[in-house]
Amino acid sequence: MTPLAPLLCTTMSAISATEKVDGFTRKSMRKAQKQKKSQGSSQFRTQTLTELSPLPQLKDAPSTEQQELFTQKLQQCCMLFDFMDSVTDLKSKEIKRATLNELVDYVSTNRGVLVETAYPEISNMICTNILRTLPPSDNPDFDPEEDEPTLEASWPHIQLVYEFLLRFLENPDFQPSIAKRYIDQKFVLQLLELFDSEDPRERDFLKTVLHRIYGKFLGLRAFIRKQINNIFLRFIYETDHFNGVAELLEILGSIINGFALPLKAEHKQFLMKVLIPMHTGKGLALFHAQLAYCVVQFLEKDPTLTEPVIRGLLKFWPKTCSQKEVMYLGEIEEILDVIEPTQFKKIQEPLFKQISRCVANPHFQVAERALYFWNNEYILSLIEENIDKILPIMFGSLYRISKEHWNPTIVALVYNVLKTLMEMNSTLFDELTASYKSDRQREKKKEQEREELWKKLDELKLSDAAALVQNNSHGLQNAAQNINNNNNHHDNQEKSTAISVDHEDPVVAMDTTEGVEVVTSAK
Amino acid sequence: MQHKSKMAGADGDDSLYPIAVLIDELRNEDVQLRLNSIKKLSTIALALGVERTRTELLPFLTDTIYDEDEVLLALAEQLGNFTMLVGGPEYVHCLLPPLESLATVEETVVRDKAVESLRKISQEHSPVDLEVHFEPLVKRLASGDWFTSRTSACGLFSVCYPRVSSTVKAEIRQHFRTLCSDDTPMVRRAAASKLGEFAKVLELDYVKSDIISLFTALASDEQDSVRLLAVEACVSIATLLPQEDLETLVMPTLRQAAEDKSWRVRYMVADKFSELQKAVGPEITKNDLVPAFQNLLKDCEAEVRAAAANKVKEFCENLPEDSRETIIMTHILPCVKELVSDTNQHVKSALASVIMGLSTILGKDNTVEHLLPLFLAQLKDECPEVRLNIISNLDCVNEVIGIRQLSQSLLPAIVELAEDAKWRVRLAIIEYMPLLAGQLGVEFFDEKLNTLCMAWLIDHVYAIREAATCNLMKLVEKFGAEWAQNTIVPKVLGMANDPNYLHRMTTLFCINALSEVCGQDITTKQMLPVVLKMSNDQVANVRFNVAKSLQKIGPVLDSNALQTEVKPVLEKLDTDTDMDVKYFAQEAISGKYTTLSIFFLYEVASLGPRSKWPILYVSERSTMCPAECVSQCER
């Protein structure tokens with residue numbers, strides 16, 4: 001049996017990284033005045049409500065009747081209430097709340113209450129209350145990074161039911177062999193779907209519940225992993241939306257921690273086909289800390305995975321989102337912290353090509369984050385070991401940036417880095433400095449040649465097309481024409497822009513708060 | 001013939017040696033360059049000639065498929081149009097290997113594009129090639145290890161099924177069956193979404209024996225994302241089956257879907273309700289769909305109610321005629337009444353967008369008695385969208401009972417919308433003004449709405465002022481030049497002395513729009529003097545708009561006025577210190593677009609709402625003047 005590591009208790013502060021991004025007020029702050037929203041669960045009600053009447057306290061009942069009373073109370077708690085309507089059924093709601101509290105207390109403090117006959121009743125009560133279809137989101141473009149979550153209206157009851165479920169699972173008398181009849185694949189599947197809840201409190205409970213189930217039900221482990229797999233794939237490739245990604249990753253972190261060596265092919269596939277593509281997911285900031293933790297866990301288990309992982313990250317490297325790029329760089333540093341020197345040699349070239357691009361990034365936070373690598377003793381030692389390979393890759397960017405970057409902090413950092421690199425191999429450094437200009441010229445020339453080449457090809461294609469038209473050959477002619485049309489179209493576009501720029505009359509506009517018009521004053 | 005000449009070119013000509021380099025470009029480190037090269041792949045292929053494309057380029061592409069998704073997407077798209085570049089239909093199967101790899105990548109857009117291209121080139125395969133090359137590929141994909149290839153396979157069954165032998169057909173059906181019960185939900189979703197399409201190409205017997213069981217299974221899948229796709233398939237399947245089989249084969253599943261515990265599935269049923277109604281026919285509609293529809297209108301989720309509310313009119317329209325009125329009056333209308341005071345504004349606004357359509361179905365008496373109170377309630381709704389939706393559909397009611405019945409409630413609603421804080425709401429109400437004016441008549445209009453129309457001219461949002469200008473033109477078309485002369489022209493011209501230059505320009509824009517509809521007399525006697533006077537304006541923008549206006553109203557004026565009054569002013573503007581003023585003065589003097597401009601104005605008047613103006617249509621016959629008109633309007 002593979003051990004299951006405890007959940008990370010530290011809530012990793014994924015948000016703080018996003019909050020300091022720039023000086024602009026965040027949408028969430030502007031929206032802060034808005035009151036907190038809550039919504040009911042999408043229970044497709046068929047039952048009719050009957051008023052609850054209080055039952056006697058469990059502790060007052062004689063022990064022979066306790067079990068019967070326990071069952072009755074469980075059944076009573078199967079009644080569902082509409083919490084969107086805050087005035088109806090107040091009495092019954094209060095009775096159910098008190099009963100749930102009592103039940104929680106009962107299963108956590110008493111021994112010998114979990115007899116076999118109680119399991120179906122317990123399971124029924126839990127399923128009726130918790131397992132539900134999540135309602136449509138109030139805000140269809142809910143952005144977990146910006147918007148306030150909609151809270152579950154029936155939380156006063158649901159919270160206690162979750163509490164009860166946890167106490168039930170943690171009870172020393174709890175017997176998985178009986179419970180597995182109720183806590184089965186179907187149950188787990190529905191539980192996993194609830195991770196999409198917008199309410200962070202619910203997701204937090206779910207996380208603990210699922211972790212306990214994974215720990216206690218060995219037969220469900222593979223199934224749980226596979227379903228999480230499916231949820232993630234759906235999130236990455238289909239919906240772009242799932243609220244519980246961070247929580248599921250946190251559970252996975254502890255699962256991975258307990259993987260036995262050597263890693264099974266299934267686990268490696270999960271890393272490469274799910275976790276790595278996950279880096280492209282929407283709202284990465286919300287779960288990046290957990291994701292990076294999982295990745296690093298894998299690499300600590302099996303260092304030979306380093307090369308494919310880093311290549312994977314390089315493949316998905318963000319093109320336009322600087323905020324994400326900073327996160328990627330953070331993850332790379334975490335990986336480099338645990339990398340073996342032999343693995344480092346395998347990926348140093350593609351990796352440092354990317355780092356070199358990051359250093360030259362006009363966004364100072366990206367450049368800064370990349371340059372911070374040189375403050376890391378271990379990375380520094382790896383660079384020094386391979387300076388003859390890394391210096392030529394880095395030199396061009398660093399040299400250019402030291403002269404061109406707009407941000408003085410970056411320039412200062414670059415000078416330090418250049419100095420460090422020079423100390424590592426001054427001969428190579430001098431050579432590179434000397435050949436810098438001619439290298440640039442060579443590059444420019446290559447660039448020109450490329451343009452020439454394409455120009456020639458375009459001409460060739462035009463004459464070909466002309467010849468084909470004469471030959472009246474069917475398909476090729478069409479193809480060629482298509483290409484021509486495209487080009488013409490392009491030309492036209494350029495022309496028309498030119499015209500509109502020339503003759504555009506000064507914008508006729510008034511000051512407006514609604515942002516339809518550009519505000520310009522009369523000449 | 002042409003192949004030969006191209007090959008000669010490819011071998012002999014020096015200029016072609018760089019082809020190797022070009023292929024090298026496809027390996028370049030810079031993604032953008034790789035992308036550019038891929039996008040010009042057809043050029044490369046054309047230069048290579050069909051044979052080298054087949055023997056060198058395609059194997060290269062097949063081998064090197066590990067790239068940025070964006071490059072792969074471009075590649076997948078290109079390959080769909082490559083048939084002629086590899087030598088026509090007889091060689092089209094050469095394209096299969098690279099597309100097969102592309103159909104297995106993770107990124108959905110790439111995969112979808114690859115499948116799209118495969119579907120396209122499947123049509124170019126001969127029946128033999130289809131069996132020898134294409135169908136084995138489908139089978140390989142369908143039994144791939146990773147879910148991506150199986151997902152892609154789902155989209156390919158229906159294109160090859162009709163053109164293969166019966167043994168192969170049996171295999172294809174078997175593969176489809178397997179995928180429908182795949183243990184990955186992604187694959188089941190893909191299969192469910194293609195179920196209807198596949199059913200269409202199957203023989204009826206197999207629809208009954210195979211498809212129905214798959215349909216039933218998918219419709220009770222453990223995942224709602226699969227179940228809801230089965231609802232879509234339900235429409236196609238029900239259309240294919242004979243009426244007598246529907247009850248036993250389809251209806252149990254459909255009933256179950258309408259009461260699914262997941263709102264997403266119920267939403268889908270509501271969303272597809274009209275299609276379902278048509279597919280199952282009148283009898284089942286009466287017995288089953290009417291109660292189902294009632295439930296959807298009363299659903300606990302607003303999303304579902306809104307989707308159902310949207311279908312109210314269509315559903316009622318398509319009810320069998322003999323019982324239509326009774327069904328509506330006893331079953332549908334009570335639900336509709338409740339929806340009018342729904343707690344969710346999307347539900348109310350969805351209802352408001354179709355409810356007026358019921359009046360034509362129910363006739364005058366029922367409308368007055370039952371619908372009118374609802375219309376009136378919605379006209380007073382707190383949500384502007386609801387009111388707007390009612391007003392925008394007034395014409396339906398007008399045909400049945402006349403708008404007068406509503407006018408008392410209409411007016412406050414219009415006034416409130418006209419002053420709404422959101423400019424888009426104001427814009428929307430302006431667009432209905434000409435319609436309202438026509439239906440309410442000139443007296444009512446003068447009394448109540450005219451002031452609004454004038455107030456819009458000085459709105460602080462340009463889009464509103466501009467719409468208000470167009471609105472005036474349409475009103476004049478309705479009420480005639482005399483009305484214009486008495487009611488709006490004086491007010492418009494009065495704005496020429498406004499201290500705000502933007503208001504002064506609005507005068508010019510109004511004149512541009514109105515001169516044609518008002519006719520020569522009013523234009524010459526009343527408008528022209530004002531325009532000419534404005535040529536002395538201190539703001540350059542006003543002055544060059546004077547030049548533009550003169551150009552536009554020129555055709556309406558007689559030649560005498562043009563010579564004696566317009567020409568001197570334009571000549572004066574031509575010597576203006578501002579270069580833009582000069583430019584437009586010259587444009588107006590050369591006057592080469594004058595005739596076109598008349599034509600254009602006329603077009604604008606008859607083209608309807610601004611959003612529907614076909615821009616291309618305009619720019620085709622124009623250069624300067626109409627384009628400006630459009631750009632002004634579009635801004």
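Reader: In which part of chain A is Pro262(A) found?
Author: This is a predicted model in which local features need pLDDT of at least 70, side-chain atom pairs need 80 or more, and totals for chains, interfaces and linings use all residues. Residues are numbered from 1 along each chain as written, chains are lettered from A and ligands numbered from 1 in written order, and side-chain values use heavy atoms, without hydrogens and water. With helices taken as DSSP runs (H or I, at least four residues; strands are E, at least two) numbered from the N terminus, Pro262(A) is found in the loop between helix 11 and helix 12 (265–275) of chain A.

Reader: What is the omega of the peptide bond from Leu261(A) to Pro262(A)?
Author: Most peptide bonds are trans. The bond from Leu261(A) to Pro262(A), however, is cis, and its omega is near -5 degrees.

Reader: What value does phi take at Asp240(A)?
Author: Asp240(A) sits in the loop that runs between helix 10 (221–239) and helix 11 of chain A. Its phi is positive although the residue is not glycine, with a value near 65 degrees.

Reader: Why does the pair of Arg203(A) and Glu247(A) tie together separate parts of the sequence, and how many residues apart are they?
Author: The side chains of these two residues meet in a salt bridge at 3.1 Å, N to O (a Lys or Arg side-chain nitrogen within 4 Å of an Asp or Glu carboxyl oxygen). Because Arg203(A) belongs to helix 9 (residues 200–216) and Glu247(A) to helix 11 (residues 245–257) of chain A, the pair ties together parts whose separation in sequence is 44 residues.
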